[in-house]
Amino acid sequence: MIKKLMLLGAILTSLFSFAQKFSFIPSVGYGWRVAETPSGASKQEKDYIKGLKSGLHFDISAYYHVKNIGIGLKFSNYSASSNGMLSMPNSQGNNVYFAVSTKDNITFIGPSIMYSNYNEPTKHKLLLDMALGVISYTTKTGNIKGTGSNLGLDAGFGYQYELSDHLFIGPKLSVTAGTLNKMTFNGTTVDLSDTKEGLTRVSLSGVVTFHF
């Protein structure tokens, strides 16, 4: 009986040690797209585009740790919307104004690697992560829907304070980068050539780590 109890204790200790190697990390904040506004745009167009260049940023990742290195998967999402009044000349050369509303969504998913000091005896935690994967863009204006995807990069640096053995919180600065060479609008693929769609953004978030 004693041997069985000792064996059970060894198994439970091993399982607990194994469980200590996982982290689940969600964060939420605000993102700013860094692509330049097209030259020659009117004030109304600039104001309209400005509304799409900042929005809600959310990401979530999970890692298995080998000492200070974590290997896992990361997903991030950016959403923004803008309403405005734009104009275009009619056949008589007079400007005709019309209301427009656009919703943008940028997602990223890919394998990720992270460095952290989560297992070290300090309440001040640092994390540095980098992921390479697929970045996708969806934009919808009225009944026109555009989509596109390409190779993307997501990297971030964060500081966290240990609230308990399994819970850390703090701020994180991250960059998500990607560019589209072509997009599909309502089933028709368009080569963007010199007017490529820049999806790169900088994000500032509050991040929570559940470390088990």
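The legends below describe close-up views of one predicted model. Residues are numbered from 1 along each chain as its sequence is written, and side-chain values use heavy atoms, with hydrogens and water left out. Because the model is predicted, local features need pLDDT of at least 70 and side-chain atom pairs count only at pLDDT 80 or more, while totals for chains, interfaces and linings use all residues.

**View 1. The protein chain has two helices and 12 strands.** Helices (H or I, at least four residues) and strands (E, at least two) are DSSP runs, numbered from the N terminus. Along the sequence, the elements follow the pattern α-β-α-β-β-β-β-β-β-β-β-β-β-β. Of the 212 residues in the protein chain, 33% are buried. Here buried means under 20% relative accessible area, exposed means over 50%, and partly exposed lies in between (1.4 Å probe, protein chains only). A contact means heavy atoms within 4.5 Å. Among contacts between residues at least 6 apart in sequence, 65% join residues at least 24 apart.

**View 2. The largest nonpolar core has 11 residues.** A nonpolar core is a set of buried Ala, Val, Leu, Ile, Met, Phe, Trp, Tyr and Cys residues joined through side-chain atoms within 4.5 Å. The members are Tyr78, Ala80, Ile106, Phe108, Ala131, Ile135, Tyr137, Leu180, Met183, Leu192 and Leu199. At least two residues of this core come from each of strand 3 (69-89), strand 4 (95-116) and strand 5 (124-141). Strand 5 gives the largest share, three residues. A second, separate core has seven residues, including Ile25, Tyr118, Phe168 and Val207. In soluble globular proteins, nonpolar side chains tend to be buried together.

**View 3. Ala80 and the residues it touches.** Leaving aside residues up to four places away in sequence, Ala80 touches Gly51, Leu52, Ser54, Gly55, Thr102, Lys103 and Asp104. Ala80 is also one of the residues of the largest nonpolar core.

**View 4. Arg33 and Glu197 form a salt bridge.** A salt bridge is a side-chain nitrogen of Lys or Arg within 4 Å of a carboxyl oxygen of Asp or Glu. In this pair the closest N and O atoms are 2.8 Å apart. Distant parts of the chain are linked here, with Arg33 in strand 1 (residues 22-33) and Glu197 in strand 11 (residues 197-198), 164 residues apart. Arg33 is buried, at a relative accessible area of 10%, and Glu197 is partly exposed, at 23%.

**View 5. Glu162 forms salt bridges with Lys123 and with Lys125.** The closest N and O atoms are 3.8 Å apart for Lys123 and Glu162. Lys123 lies in the loop between strand 4 and strand 5, and Glu162 lies in strand 6 (residues 144-164), so this pair ties together parts 39 residues apart in sequence. For Lys125 and Glu162, the closest N and O atoms are 3.4 Å apart. Lys125 lies in strand 5 and Glu162 in strand 6, so this second pair ties together parts 37 residues apart in sequence. Lys123 counts as partly exposed, at 40% relative accessibility, whereas both Lys125 and Glu162 are buried. The value for Glu162 is 14%.

**View 6. Lys74, Asp129, Asp154 and Lys172 are linked in a network of salt bridges.** The whole structure contains seven salt bridges.

**View 7. The largest pocket holds about 880 Å³ of space.** On a 1 Å grid over the protein atoms alone, a pocket is an open set of points where a 1.4 Å probe fits, with protein on both sides within 12 Å along at least five of seven lines; lining residues have an atom within 4 Å of a point. Grid points are joined across faces, edges and corners, and the volume is the space filled by probe spheres set on the points. Of the 28 lining residues, Pro38, Ile49, Leu52, Tyr137 and Glu197 lie nearest the centre of the pocket. Strand 5 supplies the largest share of the lining, four residues. By class, the lining has 13 nonpolar, seven polar and eight charged residues. Ala, Val, Leu, Ile, Met, Phe, Trp, Tyr, Cys and Pro count as nonpolar, Asp, Glu, Lys and Arg as charged, and the others, Gly among them, as polar.

**View 8. Lys67 has a positive phi, near 60 degrees.** Lys67 is a residue other than glycine and lies in the loop between strand 2 (54-66) and strand 3. At 72% relative accessibility, Lys67 counts as exposed.
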